[in-house]
Amino acid sequence: MSLKTPKTILLGTGYHVPEKVLTNFDLEKMVDTSDEWIRTRTGIKERRIASPELTTSQLCTFAAQKALKDAGLQPEDIDVILLGTITGDALFPSTACYVQEKLGAVNAAAMDVQAACAGFVYISTLADALISSGKAKHVLAIGGELLSRIVDWTDRNTCVLFGDGAGAAVWSRAPGDSTRGVIDTYLKSDGRLTELLCSYGGGTNTPLAQIVAENRQFITMKGQEVFKAAVNSMSEAVELVLARNNLTGDDIDVLIPHQANIRIMNAVVKKTKIAEEKVYVNVDRFGNTSAASIPIALAEARETGFIKPGQLVLHVSFGGGFTWGALLLRE
Ligand code: ACO
C-alpha cells in the first residue's frame, strides 16, 4: 500500500461533555415517546445536557485545554483556531474568538466555520491546507455545540436526537519523512437541500421577534429525507476516498462516522463493506452532537485505545446544508 506522504499530523485530542445525563426514560416524562422507540430507531440511550450558565465557548475551551495537554503544547503555540458550530455564543463575534480569550492563545487567528454536523471534517481539511501551504504550524480545530438550546423540547421528532458537547484536535506540521498524518480529505455540499434540516433563529431573513412569535427558532428536520441523504452521501465520500487511494474497506482499521443514528452508521458500513467491529460508536451515550460528534468520538477512541498508533482511520460526516465529507488519516 503506497499512500501520499502526509504534511499534517494529529498531535493531540480532547473532549468535554456536561455532567447532566438526560435518559430516554427522562424524555418519556417530557414528550409522547418511549425508550424502546428511541433505542430501536436511533441507538440513543442518553445524552448530555448543559446547565444554563455554560456557554459553547466554555465547553470548547475545556475540550481545547485537554487537546493542548495531550499535544504537549501551550496556548501561545497555536497559530490558528478553527471552530465548527451551529450554536455559537453570539451571532458575532465568532465563538473561536471567545475561546481564544479563554485559552490565552494570544498568537492565534481565530474564526468559526458553519458546516453543521460536517463541521469538524471541514475545519480539519482547512487545517491541513493551512499547514501544508506553510501558513501555519499548529492549528487547533474544535467542534462544539449546545444543541439543547435550539431544540424544541415539545417536539418528539427532534428533541430525542440531540445532545451537548465539544471535542478538539491539534493538527501540526509533520516531519518531512512522516508516514503518519492526513492522507486525503474530501468535502462536498448541496445547497438545493437547505430546507430539509435548518433553524431560522438568529438569521437575518426574518426578524427574530417574528420567528419567535411563529415558534420557528428551533431545529426543523425532514427525518426520512435526511436519513436517506446521510446514508448516500457518507457512503459516496467513503467510496471516493478509498478508490482514489487504491484502498478497500478491508484496509481501514477504524471508521469514525458522524454519530447521528446507529441505523445510518450500519447502512454506511454495509454499503462500503467496512467491518462493523471497526466502527467507533458512542451515539448511545451522547446522541447527536453535530460538529462535536467526530472530535468527541476521535478523542474517546484514542484515549480508550480503540485507535492505536499507526492505524489507518477514516472520518466521515454529513449534516445540514447539506454538507458532507471524509478525512483519511494515519494515526
Ligand atoms: N417517539 C415516538 N414516536 C415518534 C417519535 C418519538 N420520539 N418521533 C417520531 N415518532 C413517530 C412519528 O410521528 C411517526 O408516527 P406516525 O406513523 O403515526 O405518523 C412514526 O413515529 C414514524 O416516524 P418516522 O419519521 O417514519 O420514523 P423513522 O423510522 O424515519 O425514524 C428518525 C425517525 C429517527 C428521525 C429517522 O428518520 C432519522 O434518524 N433520520 C435522520 C435524522 C437525523 O439524524 N438528523 C440529525 C441531523 S442530520 C445528521 O446529523 C445526519
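1. In this predicted model, the second largest pocket is the one in which the ligand sits. Three elements each supply two or more residues to the shell around the ligand: helix H2 (35-42), helix H6 (156-159) and helix H8 (223-244). Of the elements, H8 gives the most to this shell, with 4 residues.

2. The location of the ligand relative to the domains follows from the shell. Domain 1 (8-173) and domain 2 (181-330) both contribute residues to the shell around the ligand, and therefore the ligand lies between them.

3. As to the make-up of the shell, 22 residues surround the ligand. By class, the shell residues comprise 10 nonpolar, 8 polar and 4 charged. The closest residues are Thr33, Gln224, His258, Asn261 and Asn288.

4. Gln224, listed among the closest residues, has a side-chain N or O atom 2.4 Å from an oxygen atom of the ligand. For Trp37, an N or O atom of the side chain is 3.4 Å from a nitrogen atom of the ligand.

5. On the extent of burial, the ligand exposes 1000 Å² when taken alone, and the protein buries 75% of that area.

6. Turning to backbone geometry, most peptide bonds are trans, and most residues other than glycine have a negative phi. The peptide bond from Phe92 to Pro93 is cis in this model, with omega near 0 degrees. Pro93 belongs to the loop that runs between strand S4 (80-84) and helix H4 (95-103).

7. A cis peptide bond is also present from Gly321 to Phe322, where omega is near -15 degrees. Phe322 is placed in the loop between strand S12 (312-319) and strand S13 (323-330).

8. Asn215 is a residue other than glycine with a positive phi, near 60 degrees. Its place is in the loop between helix H7 (208-213) and strand S10 (220-221).

Methods
Residues numbered from 1 in each chain as written. Predicted model: local features only at pLDDT ≥ 70, side-chain atom pairs only at ≥ 80, totals over all residues. Heavy atoms only, no water. Near = heavy atom within 4 Å. Polar contact = N/O pair within 3.5 Å; in protein donor to acceptor, adjacent residues only side chain to side chain. Areas by Shrake-Rupley, 256 points an atom, 1.4 Å probe, with all protein chains shown as cover. 1 Å grid on protein atoms, 1.4 Å probe; cavity = no way out; pocket = protein on both sides within 12 Å on 5 of 7 lines; lining within 4 Å. Sits in = over half its atoms within 2 Å of the grid points. Nonpolar A, V, L, I, M, F, W, Y, C, P; charged D, E, K, R; others polar. Domains from an automatic or database assignment.
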